[in-house]
Amino acid sequence: VEALLPDGHEVVMFNRGRTVNPFGERPRLRHVRCDRMDDREAFRQALRNEGHSEVIIDFIGFQAVYMQDVLDALSPESKQAETKQRFTTEHYIFVSTDSVYWTQKLPEAEARLSEDDARDFSPSELTEHLEYCHLTSLGDYQYRYGGNKRSCECVLEAAWKEKGFPYTILRLPDVYGPYDNLGGFWELVQAVELRRPIATNLQMGRTRLREGTRSKDLQSRRFCWAFAEDVRDAIMVCLAKGAVVHGSTLHIAHEEAVNIYETTILVTEAMGLEVEHACFDDGRDSSFPSTDYGVLDVSRALRLLRPWRPTPMREAVRRSVKWFLSCKDHRRYHRLVHRGPRQYDDSMARCFVSSFREVKSCWVGAPEKLTYLRAGPALLCDALPSCTSQAVLAFMQRLMDQAGDMQVVCQLQRGSEIEHQTWTLRHFAGHLLPQSEHAAAYRLEDPHVLAKTDLLQQLPSPVADIHSGGEDEPPGRTLCMGGVGARTMLQKVAAVKHAGSRHLHNAGFWDCALLGRRKWRLFPPDTLPDDLCVGDSLDKSAADCFVCG
């Protein structure tokens with residue numbers, strides 16, 4: 001959008017409108033709110049109503065049926081005298097993914113993969129491939145995601161061959177750069193900043209091995225990244241090239257091939273740190289790359305999109321890291337951009353004024369952890385190392401396999417009214433949580449579920465090393481799940497004594513968010529009970545402190 005508007009284009013954005021429009025009100029920029037999946041007919045009609053367009057850029061085509069809706073909407077009825085199919089767009093640019101290669105047979109050679117190298121599996125080969133994909137949750141996901149994207153590509157390819165539909169497909173690997181809203185690369189930057197060990201192990205089942213590749217080579221496997229600004233520039237060049245790239249599929253990526261170690265070193269150097277600052281953990285499962293089968297060949301894009309050329313990776317990483325570290329809003333962008341508009345009824349709220357300070361944060365194994373916790377609350381990154389990155393997906397799968405059919409009592413919170421319901425854990429997590437909203441929020445807190453599984457050993461206390469006496473074995477753990485708007489009551493926390501200290505400290509609990517977002521409101525010990533609507537003899541307050549003041 002930022003590149004199109006200065007060139008004089010009129011830009012129309014089609015989306016659901018669930019998040020704040022980052023571009024605001026600008027001349028020649030319009031927003032059409034529609035949902036191509038939940039209301040297909042309304043989407044088709046909205047697209048027809050826009051009439052002729054110079055180009056359509058599709059970032060969110062995920063299944064063949066929705067791609068067919070696009071073709072139907074862009075194909076007006078031809079007159080009998082016409083011999084060629086007309087379309088209401090001159091160019092359709094579909095942003096796809098290299099995950100499509102998870103659904104196809106790869107060549108045995110370890111050379112860079114071109115756009116035409118993959119082939120369909122035979123039935124027996126596909127059965128064997130599916131067994132391999134099912135070894136990990138990521139491999140299973142990539143097969144489904146890549147398969148759906150590939151089905152979209154097939155719809156476009158068929159329309160080109162049969163009717164001359166003017167498409168261009170851009171296949172991207174993992175993307176990073178300013179305004180990246182997925183956050184994977186930023187997690188790597190934050191890990192280097194906090195000196196957290198970078199997980200490097202690539203499990204069997206989450207990489208595409210070719211004939212002759214040994215499993216011991218996995219950690220040194222090289223892959224590709226794409227720089228967001230290069231993708232933007234490639235789209236702009238496609239628009240200018242027009243018919244030259246119609247019917248073409250192009251890889252858009254860096255020319256460099258790197259592994260996770262080399263990527264981390266580039267980030268470390270971009271932050272102005274010594275290379276020795278980077279730490280690695282070969283025993284933990286890596287989340288990079290999200291999909292891997294080798295290295296992409298970008299020679300076709302270099303030829304057809306000349307003079308376009310991807311930014312050297314060292315320079316791209318430097319610019320990305322500089323943008324991310326430049327301000328707090330950039331650090332939080334990939335989280336804030338996904339938040340929808342929030343409506344709170346604060347008509348009955350009581351104003352509370354207190355001092356505010358930033359909570360210190362560090363890696364859970366950092367030497368400064370004890371100092372931070374003695375001073376007050378602290379945010380510990382990688383608090384449960386065995387449940388971070390891709391491991392959390394396996395954790396959730398094991399939880400559902402072992403306790404999914406267990407009956408649990410949950411809350412349906414409607415303001416001050418709370419309704420208790422009983423469901424299976426699987427139904428609550430898979431069906432009720434997605435329905436949660438501020439006016440009717442679902443929440444579960446159960447101290448028995450995890451005790452019925454073999455997962456407790458993955459949940460050691462991140463502060464056991466600084467508490468006197470350590471932690472009893474096996475640990476007791478409470479499972480908490482909440483959807484949008486779910487909240488808990490304010491409660492007092494008992495004081496505890498840290499190892500090596502003669503004094504009590506009000507830091508006697510820990511709480512870990514494995515998935516999603518949580519907000520903790522922590523009031524200092526000297527807060528007056530009346531300010532929190534609680535008597536001296538009570539440990540909890542019914543005050544709703546969810547509303548942001």
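Select Pro307 in the loop between α8 (299-304) and α9 (313-325); helices are DSSP runs of H or I, at least four residues, strands are E runs of at least two, and both are numbered from the N terminus. A cis peptide bond joins Arg306 and Pro307, with omega about 20 degrees. The model is predicted: local features need pLDDT of at least 70, side-chain atom pairs count only at pLDDT 80 or more, and totals for chains, interfaces and linings use all residues. Residues are numbered from 1 along each chain as its sequence is written, and side-chain values use heavy atoms, leaving out hydrogens and water.

Next, go to Arg28. Arg28 sits in the loop between β1 (11-15) and β2 (29-33). Its phi is near 65 degrees, a positive value in a residue other than glycine. Most residues other than glycine have a negative phi, and most peptide bonds are trans.

Now show helix α4 (residues 137-163). Arg144 and Asp140 both lie there, four residues apart, about one turn of the helix. They form a salt bridge, with the closest N and O atoms 4.0 Å apart. The term means a side-chain nitrogen of Lys or Arg within 4 Å of a carboxyl oxygen of Asp or Glu. The whole structure has 31 salt bridges.

Finish inside. Select Asp98, Pro173, Asp174, Phe223 and Cys224, which are among the residues lining the largest cavity. Its space is about 50 Å³, the volume filled by probe spheres set on grid points joined across faces, edges and corners. A cavity is a set of points on a 1 Å grid over the protein atoms alone where a 1.4 Å probe fits but cannot get out; lining residues have an atom within 4 Å of a point.

Key. On a 1 Å grid over the protein atoms alone, a cavity is a set of points where a 1.4 Å probe fits but cannot get out, and a pocket is an open set with protein on both sides within 12 Å along at least five of seven lines; lining residues have an atom within 4 Å of a point.
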